[in-house]
Structure formats: C-alpha cells, structure tokens
Amino acid sequence: MKYLYRLVLMILALMMLTSMSVYAATVTLGGVEVDGNLILQPVSGKYSVTYNESIETELTAGQQIVLLVVKGVATTPSGLTISADTIRYIDQAVSTDTSIAFSNFVPSSIPNCTVLISGLTGVDGPKIVGYIEAVPVNVSGTVSYLSGVINRVATITLTEMNMPAYTPTSNVFTVQSNTSGQFNIPLVTEGTYRLVATAQSHAKYTKNNISIVELDISGITGNLLSGDIDGNDVIEFLDLSAILSNYNQVKTDPADVDGNGVIEFLDLSAVLSNYNKNAVVD
Ligand SMILES: [Ca+2]
Ligand SMILES: [Ca+2]
C-alpha cells in the first residue's frame, strides 16, 4: 500500500512536470515547442553560435569541438536522426578555456534545424545549443477549370494540418490565382498543409498532405469541376435546374458557367459533362 502511494505521488509529480513544461516560458518553432531554448537569428543569411561552458570542466583551451546543424527539432539529441541525409552543416573549431564559438556559417539548406556541439568533456554525446528556424518557401501551381471560361480566378487557401493540440492556431495563407489559374503563395513556413481552390460555378479542388520542409514547391495542379452552380461541391439536379430556369437569358448569374454573359448551351454542357460528380480531393 505504501509502495502504491509512492507510485501515485511519482506519477502526479511527473504529470506536474509535464504540464509545467507546457506552460513555462517557451518559444515555438515550426509548430514544435522548445522550452527555453535559443533560436539563432541570421545576420545576412549567416549564423553564429557561442557556447559558454555550463560547468568548469567541460572545456579546456585547445579542445577540438564539432558543430552539427541537423534537420529536425527535438529537445534532446536522442529525438533527432543524425545522418548524412539530415546534416545541413558540420564544422570543427578549437575552444578557449571557457567557450567555443562558430561564426558565420551557412547550412546547405534551411529547414527547421537543431544546432549541436560534440566533444565537451564529461558530456555523453552531442549537446543541443540552439535552433534554426526554417526559411519560408514559395508554393506555386495551376488549377484548371472550364476550358474557355472568361475572366475566372480561383481563390487558393493553404491551411496547416495536424497541428499539435497545444498550438493555438494553424498557419493559413490565401491568394487569388490569375485568370489562367496560376497561383503563387510566398513565405510559407514549414509544415504539412491542405490546399483548397474555389471558383465561381465550379466545385472546389482539395489537395491534402502537402509537406513543406525546406524547398520551394512548384507545379501543384488540380481540377475544379465545372457546373457546380449552387456551390455545394456536387454537380447534380439543382445545378441543371439553375441552367434550365435561366436558359437563353442574358444576365450575371452563377448559372453562366463560362462567364460569357448568356446562359446557354455551353453552360448546360458544362453541367452535363460533370453530372453526378463530386468535388475532387487528392
Ligand atoms: Ca451543386
Ligand atoms: Ca454562358
């Protein structure tokens, strides 16, 4: 019974520690919370880090220390995969009696990274000394809608998916395409995203799980099905009915699928060609 009591106390203490780490002063890096740790700020695209020993025996003058910049974010080195695929920078330098400095280094590419040093006396393995935030990237592509449609643009929304529960908000980016459906979204931060494209008289297009890590993404394509006049993302009787009830009329209306100002055969054809189809999700 006494043992059980101790166990419960230990679990409670652990839970308190866990919740404290959530509410302590923190920084957020690409959706990952890193308690009290340093994010290196670049100067003209170059990074520097100085580590001052935390105990007197970690460094002696002339000690060889290795710097590693590794893709990924973790609060302990064991949370990282350190391999040829993940290392973005590696260097070696000689310490003073109390500190080691690495100046003006540029990783080969810049996703969210963890910065570590290795070679401290009495420290088993590398030690985390900071983090580098991913450089935002460009996301671009082209969505297609009804061929020959006049002056139609799409609204493209990129929303971050699968955010950790403690993260208050997802990143959301919204742009308009040009009339050819081409779009470009600048300054997108690292994460996994859902893209949704909408346009008048068309069923929306959705693409899930777009992983944005460290490089620009181009060439995204998607098809918005024509003929969804009521905007419920399925082309069916209500859409057909909207065409027929406005047939041969000159008016500005979503029933004018191709945007030529008249509701006529081309609009009817746009509905019939996708009849009973649902909005595309990739
Ligand atoms: Ca519809
Ligand atoms: Ca028309």
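**Cores, a sheet and confidence in a predicted model**

Of the 30 residues in the largest nonpolar core, the ones that touch the most other members are Tyr145, Ala154, Ile156, Leu158, Ala197 and Leu224. Two or more residues of this core come from each of strand E9 (137-144), strand E10 (155-160), strand E12 (182-188), strand E13 (191-198), strand E14 (205-212), helix H2 (237-245) and helix H3 (265-272). The model is predicted, and the mean pLDDT of the protein chain is 87, with 85% of its residues reaching 70 or more.

**Nonpolar cores**

- Once its neighbours within four places in sequence are left aside, Leu158 is in contact with Val139, Phe173, Ile185, Val188, Tyr193 and Leu195.
- In soluble globular proteins, nonpolar side chains tend to be buried together.

**A four-stranded sheet**

- Four strands form an open sheet in the order E5-E4-E7-E8, and their pairing is antiparallel.
- Strand E5 (87-94) and strand E8 (127-132) are the edge strands, each of which pairs on one side only, and from one strand to the next the twist averages 20°.
- Strand E4 (residues 64-71) runs antiparallel to E5 and is joined to E5 by seven bridges, while Gln64 stands opposite Val94 in E5.

**Confidence along the chain**

- Confidence is highest in strand E16 (residues 280-281), at 98, and lowest in helix H1 (residues 2-23), at a mean of 44.
- The pLDDT is below 50 over residues 7-25, a stretch that has five contacts in the model beyond near neighbours in sequence.
- Where pLDDT is low, the predicted coordinates should not be read in detail.

How values were computed: Residues numbered from 1 in each chain as written. Chains lettered and ligands numbered in written order. Predicted model: local features only at pLDDT ≥ 70, side-chain atom pairs only at ≥ 80, totals over all residues. Pairing = 2+ DSSP bridges. Axes fitted to C-alpha atoms, helices over the stretch in contact; angles between N-to-C directions. Core = buried A, V, L, I, M, F, W, Y, C linked by C-beta atoms within 7 Å. Buried ≥ 20, exposed ≤ 12 C-beta atoms within 10 Å, placed from the backbone. Contact = placed C-beta atoms within 7 Å. pLDDT = per-residue confidence, 0-100.
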